[in-house]
Amino acid sequence: MVALSSLVLLAGCGSGISFLDPHGPVASTQRDLLFEVIAWMMIVVLPAIVLVPFVAWRFRRTGNNKSYHPNWQFSWPLEIIVWGVPVVLVCILATLIAGKARSLDPYAAIPSDKPPLTVEVIGLDYKWLFVYPEQNIASVGVLALPVDRPVRFRLTSDTVMQSFMIPALGSQIYAMAGMVTELNLLADRPAVLMGQNTQFNGLGFQNQKFDTLAMPQADFDRWIANAKQAERPLDQDAYSIVSEKGKLADLRSRFDFDPSKGLIFSSVEPALFATVVARYRPEAAHRHESDEAKGPAHKGHDHANH
């Protein structure tokens, strides 16, 4: 009960910082799965919590009704309870988790009547670069997403391994140099959500956070239009500065921008994402480019229909 109470309290600690306060179908499914697992585990936990003090009291040294059975060796009912209940519980949990794990495949597209928004994510030290290839803009430190529209993230790293996560939207996936991973998410209501790198990769990783702006489609379109007016192209020279090791605020000496609103680029060097991948693994970049042309090969998330 203490554990359950703690989860409820944590869910109210802030908006957009945890999957316990979900802002999308993926995080909602993960939260429901957590509560289901905890509920099933109570079958084992609650009897232990109740029986331990009872046994201690029942067989206390000063008790008058204690008994001594020196020849007691075995009991079938006790063996069945001790081993049978955990075995059945493990089978139930395995079935439950395996079923939900398939529906939470990060590579599976989320079914929707709206086309997915593609965002290319490049992990840097210690910041994230977000490229919108269809809109031909980019941002650092802020990620804008339209509400009720699937978002397809393609991720890589231009440094060591990183862990990309927006807790309130659910899931987590690694970004690795020379590789392309994929994550599909959806925000179901407007909010400012926390995004972060959860992989320890240096003393600055704890500062590698960003604001995820989930906004209505009209507001997202205005954000894109404003970004195009920034008159700041992300060419190779600009990228070489952005990719230098350091925090987002360190870029203020090189660019004129407000760190609280992120660093926005009005255009992007063609095929920047593929170029970063090819820097470490040329054949992987060509393979993923051909996969991109074929389109998503996976079916949609089951949880999106919940």
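Author: The bend at a residue is the angle between axes fitted to the seven residues ending there and the seven starting there. Numbering starts from 1 along each chain as its sequence is written. The model is predicted: local features need pLDDT of at least 70, side-chain atom pairs count only at pLDDT 80 or more, totals for chains, interfaces and linings use all residues, and side-chain values use heavy atoms, leaving out hydrogens and water.

Reader: How many helices and strands are in the chain?

Author: Both are DSSP runs, numbered from the N terminus: helices (H or I) have at least four residues, strands (E) at least two. The chain has seven helices and 13 strands.

Reader: Where in H3 does the kink lie?

Author: The kink is about 25°.

Reader: Which helix is included in what covers the buried residues of H3?

Author: Buried means under 20% relative accessible area, exposed over 50%, partly exposed in between (1.4 Å probe, protein chains only). In H3, the buried residues are Leu-89, Leu-93, Leu-96, Lys-100 and Ser-103. Their cover, by contact (heavy atoms within 4.5 Å), includes residues 25-58, helix H2.

Reader: How many residues are in the largest nonpolar core?

Author: A nonpolar core is a set of buried Ala, Val, Leu, Ile, Met, Phe, Trp, Tyr and Cys residues joined through side-chain atoms within 4.5 Å. Phe-164 and Trp-223 are among the members of the largest core that touch the most other members. Not counting residues up to four places away in sequence, Phe-164 touches residues including Trp-128, Phe-153 and Phe-210. The size of that largest core is 38 residues.

Reader: Which residue in E10 is the bridge partner of Gln-196?

Author: Two strands pair if DSSP finds at least two bridges between them. E9 (residues 191-197) and E10 (residues 209-215) run antiparallel, joined by six bridges. On the E6 side, Gln-196 of E9 is the bridge partner of Met-165. In E10, the partner of Gln-196 is Lys-209.

Reader: Is strand E9 mostly covered or uncovered, and how many of its residues are buried?

Author: E9 is mostly covered. Of its seven residues, the number buried is five.
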